[in-house]
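Please keep the sequence and the structure in view while reading.

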Amino acid sequence: MKGKRMNRPAMSFAATRVCPAMRVAMRVYAMMCVATCVWAMMSVATIARGDSASGFRNASLPPGERASDLVAHMTLEEKAAQLGHTAPAIPRLGVPEYNWWNEGLHGVARAGIATVFPQAIGMASTWDVPLMHQAASVISTEFRAKHAATVRPDGGSTWYHGLTVWSPNINIFRDPRWGRGQETYGEDPYLTGRMAVAFITGLQGDDPHFFKTIATAKHFAVHSGPESTRHRIDVRISRHDLEDTYLPAFRAAVTEAKVQSVMCAYNALDGAPACANDMLLRQHLRRDWGFNGYVVSDCGAAADIYLPPGEGHHYAPTPEVAVADALKAGMDLICGDYRNSWNTEKDAIVAAVRHGLLPESVLDRSLRRLFEARLRLGMFDPPAANPYSRISASDNDTPAHRDVARRMAEESLVLLKNADHLLPLRRTPRSIVVVGPNADSVDALVGNYNGTPSHPVTVLAGIRARFPQSTVTYVKGSGLIDAGPAGEDPVAAARRADLVVIVDGLSPRIEGEEMKLNAPGFSGGDRTSLDLPAPQKTVLEQIAALGKPTVLVLMNGSALGINWADQHVPAIIEAWYPGEEGGTAVAGLLAGDFSPAGRLPVTFYRSVDQLPPFDDYSMANRTYRYFKGDPLYPFGYGLSYTRFRYANPRISRSGVGSGEEVEISADVTNTGAMAGDEVVQLYVTHPGVGGAPLRALKGFSRIHLARGERKTVRFRLSSRDLSVVDESGTRRIVPGRVRVWIGGGQPQSRPGLPRAAGAQTQFSITRAAVLPD
């Protein structure tokens, strides 16, 4: 037998048994070999054509020098074409085609199967900065995986499979009627800034030489609806509101996260379109903040500069003047006009140069920025030099990535009400009736700007999987905005149930970007009412009247004025659009597999009657920072299955001078019956200081505490954290008393709503100072 085995013919390589790790290594090696051959052939082909742009291919030179060398060898027509999002190949220079447009708001979008995280507003409700960074790192890995799988032999890439990511959306969700608010991190500049920095750094990676992907902070600036007027609205706001609310998150993205791309918005600001706005692009972005990346227009925003009134701003009389104004102000790349065959204005750019409206040196500046970005992504270098070239197609949609999506979904859930401690369920129900238009909807999992999940778990599927011993019955009850089936059928089913779970809310099909939908409560992607749509509310009221143990699960991207439900439904969960693992997370929360700790990143108002007009961008009486009424649920609110006690608030110094930091700490103890997370929030108030908000979030930390465990949570506040903005838009340190609250929510509540645990202290600012923009 031994002799026969020794003399057996050698098996083919494909037939041998290879361990999984070796198989992955071989795939990576093969991919890098192919990529290296492609890079070598492109270099040889360029040399063979006698092109003299040799410095461009010299990987030992700095990216800026290499980009300058390439641009110096391009014709005017080639330059103009490269300034569009669909940049064509330049074969004689060895430059492959590249499509700059890629979406990654909460996962790789519009590119097939990918891990789908909760919508951005849901990720913000985790208040978990490290987890946000981890999710963004997963997303950038999947961008690299898809790019590796689809890159062409000449190095070109297809739409949505590139490495320049048009996310995150860091506009302030100032009004719940905005349909695209779901894409943001909520209403607060500080929370938005912290989440933005985490997301951007996760996307861009930490290699000193190469970017994993390039993030794009959008939409710069002061952009948040209405959708119906976004191409022509001229926003007029005070300097105070600009510096206090609308710019801080962008400043953090640039100065802290070192974001490499910024998208200018559709709207005009104080008379000048955002993509031709010198104050925004030259003064703030580049001069004050030191931005050294590139600026891309929103799609069609360049055309808005010259389009006639009713369609655009008509700020410039012709396309030639428009592109000259925009490029001189600091825009570098044009996403084409979707209303006009994706026109990227290349003919207008050529004409503007030839007619003396636009110096060719301005084009060269923009092109250097664009090609330096492509170089730092490793698109023109041998793959062996780039650590991210080791990412292969098999790194997309992995079980480990889906686990991160599940954890993000669990942490995003906000428990709004839990009367008589209905949740967590004390025993497994014999029968569960699941009702509602979102109960078995994949749309309600993924939100907008989404990828396609390979294993989506709806709320219905999650409940069936988590409660296999229960009889689970599903009745739709109603449509999202239409009556749907007869309401008597949920009611009949619910009457026989031990537990009723109603899954209501909205959908990316009725709230979102520039839609043609017009229905009661909705207009053009935005909302005209905060109420739960009437058909859903009717079924909800019918079921609640039965007196059965009932849980309302909301799936939506913006706040709902669920006043009736707050009074009559025992338990309410805000689930947002929770991503591919949303159903698993909701079912786990019902069962008590974890204690909920999501916190609202927006204020839930009672109705639109509490709000100023939608198109009024003044922050007066908007968001928790300036709203003087009683909300339904306040910003930062969320319940837990356990309890926490705050004690011993301490401040490192009682008097703080200009330029000095202050450390504030408190002890937090889990005094409840189970382990759980707590989101520790720090708010400051400047009594009697003009221009200061009622209170402002200046620190937060999501911590985990075992039963009975105590931790000391510390926050370090900088001069900027202690500053206020005056009427002129100047950020100042103002002497006086500063009140500090550290707790599980805001210090204020309303009748009928549990008040957050916390502790308060105070200190004084002793010297005045003016801070830079």
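Why is the disulfide of Cys-299 and Cys-335 right-handed? The torsion about its S-S bond is about 75 degrees, so this disulfide is right-handed. The model is predicted: local features need pLDDT of at least 70 and side-chain atom pairs count only at pLDDT 80 or more, while totals for chains, interfaces and linings use all residues. Residues are numbered from 1 along each chain as its sequence is written, and side-chain values use heavy atoms, with hydrogens and water left out.

**Disulfides**

- A search of the whole structure finds 2 disulfides, a disulfide being a pair of cysteine sulfur atoms within 2.5 Å.
- With bonded cysteines counted along the protein chain, the pattern is 1-2, 3-4.

**Cys-299 and Cys-335**

- The sulfur atoms of Cys-299 and Cys-335 are 2.0 Å apart.
- Cys-299 lies in the loop between strand S9 (294-297) and helix H11 (301-304), and Cys-335 in the loop between helix H12 (319-329) and helix H13 (346-354), so the pair ties together parts that are 36 residues apart in sequence.
- Helices (H or I, at least four residues) and strands (E, at least two) are DSSP runs, numbered from the N terminus.
- Both Cys-299 and Cys-335 are buried; buried means under 20% relative accessible area, exposed over 50%, and partly exposed in between (1.4 Å probe, protein chains only).

**Cys-264 and Cys-275**

- The sulfur atoms of Cys-264 and Cys-275 are 2.1 Å apart in their disulfide.
- Because the torsion about the S-S bond of Cys-264 and Cys-275 is about 100 degrees, this disulfide is right-handed.
- Cys-264 lies in strand S6 (residues 261-264) and Cys-275 in the loop between strand S8 (272-273) and helix H10 (278-288), so the pair ties together parts that are 11 residues apart in sequence.
- Cys-264 counts as buried because its relative accessibility is 0%, and Cys-275 counts as buried at 1%.

**Tyr-338**

- Tyr-338 lies in the loop between H12 and H13.
- With a relative accessible area of 31%, Tyr-338 is partly exposed.

**A three-stranded sheet**

- An open sheet of 3 strands has the order S14-S15-S16, with antiparallel pairing; two strands pair if DSSP finds at least two bridges between them.
- Strand S14 (518-519) and strand S16 (526-527) are the edge strands, each pairing on one side only.
- Strand S15 (residues 522-523) is joined to S16 by 2 bridges, and the two run antiparallel.
- Phe-522 has Arg-527 as its bridge partner in S16.
- Strands of a sheet pair through backbone hydrogen bonds, either parallel or antiparallel.
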